[in-house]
Amino acid sequence: MVNSKEHSRHHDIEWIEIDQPLLLRLFSDTLKKMDERSEGTYHFGMFRFCKLSEEPSLVSFSPFSNDHLQTRVHPEQEFVRNSDYHIFIVPKWDRLLHLHHTSLPAMSSDFGLFRDFPEPVFIMDTQGTILDANEIFALRFFRSAIEIRGTNVYDLLSTVQKQPAVSAYRKAKAEEVLRTGRHLFFDDEKDKKHWRHFIHPVRNTEGVITRLLVIVHDITIAKQEEYQSRKDNIVFKALLDAIPGSVAILDAQGRLSGFNQHAIEVFGKSESELYGCDPFEILHPEDRDSIVRKFLNTLIFGSEESAEARVFKGGNPDDIRWFILHARKTEIDGQPFVVTVNIDIDKRKQMENSLIESKRWLKLAMQSAQAGIWDRNLRTGENIWSDEFWTLSGFDKTSAPASSFDLWTSLIHPDDRERVLRMANIDEIENSQNLSIEYRICRPDGSIRWMLSQGGPVHDSHGKVERLVGTTMDITERKMMEEELKKTHTRLDFTLEKCHLGWWEFNPQNNTTNRTLEHDRIFGYETLLPEWHYHLFLDHLVADDRERVRQHCSLAKEKNEDFSFECRIRRNDGLVRWIWVAGGFWYDLQNKSHLMSGIVQDITERKRQEEEQERLQVKLQQAQKMEVVGQLAGGIAHDFNNALMAILGNADLLSGKVHASFPFLEHINDIRKSALRSANMTRHLLAFASKQIITPRVCSIDEEIENLLPMIKGLIGNHIRFSWQPESGRACVLVDPSQLDQILINLCINARDAISSNGFITLQTNTITVEADDCSAGHPCQTAGNYVRISVCDNGSGIDAVTLPHIFEPFFTTKEVGKGTGLGLSTVYGILKQNKGYLDCITNPGFGTSFIVYLPACHEVSCEKKPEPVEELTRTKTKETILLVEDEPNILSILQGLLENQGFSILSALNSFTAMELAARHQGKIDLLITDIVLPEINGIVLSEQLLALRPDLKTLFMSGYAQETFGQANHLHKEVNFIQKPFSIRIFLDMVSRILHHDNGR
């Protein structure tokens, strides 16, 4: 209360500002006395109170709303009016709450209003000297009111009560009032009682603060009530927040009076903004009227109402959600309220495609959204269960036993009971500050359901857990899904393990990983390590790969891109293995990567296969290159041999027609020798290209080599020590002996040329069995079987790594110009390819080389040599007819002339069709067919077969400078066909013709 300054100056007195709490306190005591005396009017100091109702209530003073109640001084002016009392100010100014500027005794007389105040009151100057006090205040210092006047309150606190800290604190508060000029109060506690100290400034007529009025109010009961209210609010809020949905409590005017956390999220407002607001404003306009009607029905008639409505969540018209609203009437302090529980069913509504589906999903959502509320008092043992909790438990509430902890325990599945009771132990709850348990219950009907109980403790004033409140929900469907997911994970882990794939997941935020067992096994651990991190992975990497992998991972993390790489690791057991790592990033709702996951696989075997495939690819490329060169060589040999045949034939004709003293005979012989040398070179080319026609036979490898030893020793010279080591056990091979001679001579000459001075050459034979596993492991023999091995070893210069890949290429040589044709090793390569053999080279530059020949061993026929009959090559006088077929006119003319000079009747043709026509028109016998194999249109072999069909007695002599391997018949020529290789001499040609015609073995 503030008296006007105008009035104060008129009476020349000091005036006091008294705030609302003090007035309420004064009026409260006055009204109590009025209730006791039952009087209509009561005077107290400057106030007169008039009783207007029979049952006054202190609550009637709630209309005070101003911080400082002000009034003008006027006789009988009404000060405050409410439903219970009228308070009037009476003109007794001599007893007002004003203090005159008088001596201390005078001040004491003006302290009258507070003299009988039921709580400690005193007034002091600005230095803390007590000017006056009531007896209750003086007793706090064990003195009377008279004795305490003139003492300093701060000294009393420091000396009498020995509380210097309290004295300093209160002095600081008093100085704050003097400095700011505002009222203040502070609380303290002593002897289990709570006190509130009010400090009011007292001003003189100039408005200067000269005194401080201090009133000490006992607020112990209020504190206890406040604590109990706060505790009740906590329980109430916990219960509201435990409800699975938004809860709103509406008063009779339809305004919000209470809500839970879910409701705050739905309304999108702060807690202070929600109190008193209109809850219907967030409803869709089309649903608002019907919901308001249902609210009124609940409020007026007490009926429970449920309805579905669209809600603007957070007040946002663009975010419309479907809710189901349940309303029930209740009373709080005698006032009607409506409690609504609202469940978000928006997702369910979106999934409804038809009316039937809509009803089914609505029922399902209602059932799945139900949650039972429970409240357990740990001190009294009382248990409170909601109706939904009874439903979840499977009991009929009307006939079931009373709710209790033991009843709940009896529902728990026996396998889960011990675990659940341990988690529900009060000590565990105090440590964890919350409760969340999943468990099974056995309903009375025998069904088993999964439940989730969640709740929290409510503490008393000493911090001890007094009660537990929470909810229980049926999570059977979720557990079934989890179990199925667990099975899926188990199957996935099994599949990954069987595929030898390790799964990993890495969290860059805390540097932690999750892995499967197969992941750690790849790194050499039989069990999961307690800890795995990125740096441990880097430690396993081979040093040469570490930096590359680190950069790869850093770049992938920087760009948030999927990644994969191959690298080598050193396992825990020391083995070096190849692994393949692939992974990617997981993104959160803000599209930020927060996890990396991927797989790792041991690819050592694959890398070995790739290396082997690469090695085989090199071999294939080399073989293809050799094949191309061979085809080129074969093509050249065909034309070259035909040219040599013409040269050699004409040379033989000339030398046969001139006398021995002919001056140019020597030149003709030189021409003949040069043609023969060229023919020999061509045979080498054909041997390399595997195109020459051979006549293999079964022979003992050791015997054939022994027959060749004198020639070999003569070729290598006396300065080289030669060693022959036959260890094959007289093993046999199927080979043309002349080709075997070519192989050995070429290898021995090659070894000789590699030795610069004295040295040695070792020729050795033995047998070997090659298994399929050996072939897979890279053995030179690519086909399993028994082989005869011929080794030619020297201690020469060896072959360097650059030269080695080219040694079998024709015309490739490292020898000086004029000392080698480059056809030796290529010829050996071609012969072995033609005879299904293999060749390997082991070399060490500076220490020598070993060439190892593998020829398939032969056990089908005997190796014994059969002496060839010596044949008398004499001519008869019979005139035989010969069909001569040659596509080269020069060669055809030479051969026709030679044969006609010998008395033969010749039918000549340049191609197969002409030959067929001649044979068809000729009426007489044709004794011999002489044909080139390579002919236009139809080759000589096919021509021979067609003529044999017409003339079964026809004998055949094949000739060729090049026999393509595509002619399958060439593989059998050595058994039943006569063949002469171009170029040939006239004498050899005529001798072969004579032998075929005069012996029955010619075909």
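Contact means heavy atoms within 4.5 Å. The structure is a predicted model, in which local features need pLDDT of at least 70, side-chain atom pairs count only at pLDDT 80 or more, and totals for chains, interfaces and linings use all residues. Residues are numbered from 1 along each chain as its sequence is written, and side-chain values use heavy atoms, with hydrogens and water left out.

**Exercise 1. Determine where Thr 762 is found and which residues it is in contact with, leaving aside neighbours within four places in sequence.**

Step 1. Thr 762 belongs to strand β29, residues 759-770; strands (E, at least two residues) and helices (H or I, at least four) are DSSP runs, numbered from the N terminus.

Step 2. With neighbours within four places in sequence left aside, Thr 762 is in contact with Ser 723, Gln 725, Ser 791, Val 792 and Cys 793.

Step 3. The relative accessible area of Thr 762 is 16%, so this residue is buried (buried means under 20%, exposed over 50%, partly exposed in between, with a 1.4 Å probe and protein chains only).

**Exercise 2. Describe the packing of helix α30 and helix α31.**

Step 1. Two packed helices are described by the angle between their axes and the distance between the axes. For α30 (residues 912-921) and α31 (residues 940-950), the angle is about 15° and the axes are 11 Å apart. Axes are lines fitted to C-alpha atoms, for helices over the stretch in contact, and angles run from 0 to 180 degrees between N-to-C directions.

Step 2. The two helices, α30 and α31, are therefore roughly parallel to each other (angles under 35 degrees count as roughly parallel, over 145 as roughly antiparallel, 65 to 115 as roughly perpendicular and the rest as oblique).

Step 3. On the α30 side, the contact is made by Ser 912, Ala 915, Met 916 and Ala 919; α31 contributes Leu 943, Gln 946 and Leu 947.
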